[in-house]
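The stops below are meant to be selected one after another.

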Amino acid sequence: MLYDTSSLMKCQVKKYSGLNFARKIRYVSPDVSSKIWYCGTSIGLTYDGLIASANFCRNRFCPTCQWRRSVKLFRQNYECFEWIKHKYPGCRFVFLTLTVPNVPIDSLASRLTDMSDAWHRFTQRRDFKRLGLPGWLRVLEVTRNSYTGTYHPHFHVVLVVPAGCWLPDHSWWLRCWQLAARDESIMFVNLRVVDGSKSSIEEVSKYVVKDSDFSGSAWVSEFTQLYSALSHVRCFSPAGCWVALRKESVDRNMWWGVRKAVGSLVALRKESVDRNRACTMTTTICTAVALRKESVDRNRLPKKNRPSVGVALRK
């Protein structure tokens, strides 16, 4: 049966990138290197071309698993955008980027903690609550500057703005973020309206760490610190209406999964019953054939040499 193999080809490209990445870090982090190296080496497909079983590592630095996660997030976020448009007619989606100054690898862990605390203070401000936003989606991204060797963590936030809601200008958002982060050196935030198209959804569905930022080898000695800084960090954080919709989507997927499992069990049970019936019928036919053959052989003998049916069966 023919099916679309474009996704598998993209997965293969990411696999080659993962092999190159694992080869670089095998001396500084052999455990992570081994997981990424053997990720996706065994994939089982259904008749429809869907993945039925696979040994993916699900590591945050694995290009293959990060690509699969971005595809999954894109599908979920697309459903969220469509659902919010239906529930809040006339609403707008505002794409907000909150940045902080670049930091060296030694200060990345503490900077991520400070950013999380700053975001909490930012959303708890009275002037922010007065906006009456029904929900938002916050995504963390960390990029690396190959020229300076520093790291740039920043937040991508999608704000759901209901119809008729007034939004402050750019300077207001910059000042509020400076006060929340307690850092006057922050000089840039970005604010723009998006329409919920494919390109805008991809902005909040991409990787936490891009494999393209690790093309060289100067970062290899810093990988253990980078891995430790990003471990146990929440990179995808919905709030408000986004949480309710994602919970509904998870419940719906679990329901369809249960239905699919029950259907598979019913099919297997039916196949087992049919197989048992076939075995019983085959046994009956073989017994009838044996009795018929025995009867023919007995009739061919003289009467005085014919054995009884019970004696023949015992033999």
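Select K14, a residue of helix α1, which runs over residues 6-24. K14 counts as buried because its relative accessibility is 16%, under the cut-off of 20%. This is a predicted model, so every value on the tour is computed from predicted positions. Now show what surrounds K14. Neighbours within four places in sequence aside, K14 is in contact with P63, T64, W67, Y207 and D211.

Before the next stop, display the whole protein chain. It contains ten helices and seven strands. Of its 315 residues, 38% count as buried. Among contacts with a separation of 6 or more, 68% join residues 24 or more positions apart.

Next, select residues 108-123, which make up helix α4. Its end C-alpha atoms are 23 Å apart. At 1.5 Å a residue, the 16 residues of α4 should span 22 Å, so the two values agree. Colour the buried residues of α4: L108, R111, L112, M115, A118, W119, F122 and T123. They lie on the same side of α4, because they cover an arc of only 120 degrees around the axis. What lies over these residues? The elements that cover the buried residues of α4 include β3 (92-99), α5 (126-129), β4 (135-144), β5 (151-161), α6 and α8 (223-230). Show them as cartoon and keep α4 in view.

One of those covering elements, β3, holds the next stop. Select R92, which lies in strand β3. R92 is partly exposed, since its relative accessible area is 34%, which falls between the 20% and 50% cut-offs. R92 and V160 are 68 residues apart along the chain, and 6.1 Å separates their C-alpha atoms. V160 is also among the contacts of R92.

I51 belongs to strand β2. Is I51 buried or partly exposed? It counts as partly exposed, because its relative accessibility is 38%.

The loop lies between β2 (51-54) and α3 (63-87), and R58 is in it. R58 is not a glycine, although its phi is positive, at about 60 degrees. R58 is exposed, because its relative accessible area is 74%, over the cut-off of 50%.

The last stop is R182. Look for R182 in the loop between α6 (170-181) and β6 (189-194). What is the phi of R182 near? The value is near 55 degrees, which is positive in a residue other than glycine. R182 is exposed, with a relative accessible area of 66%. To finish, show R58 and R182 together: each is an exposed residue in a loop, R58 between β2 and α3 and R182 between α6 and β6.

Technical notes. Residues are numbered from 1 along each chain as its sequence is written. This is a predicted model: local features need pLDDT of at least 70, side-chain atom pairs count only at pLDDT 80 or more; totals for chains, interfaces and linings use all residues. Side-chain values use heavy atoms; hydrogens and water are left out. Helices (H or I, at least four residues) and strands (E, at least two) are DSSP runs, numbered from the N terminus. Buried means under 20% relative accessible area, exposed over 50%, partly exposed in between (1.4 Å probe, protein chains only). Contact means heavy atoms within 4.5 Å. The expected span of a helix is 1.5 Å times one less than its number of residues. The arc is that of the directions from the helix axis to the C-beta atoms.
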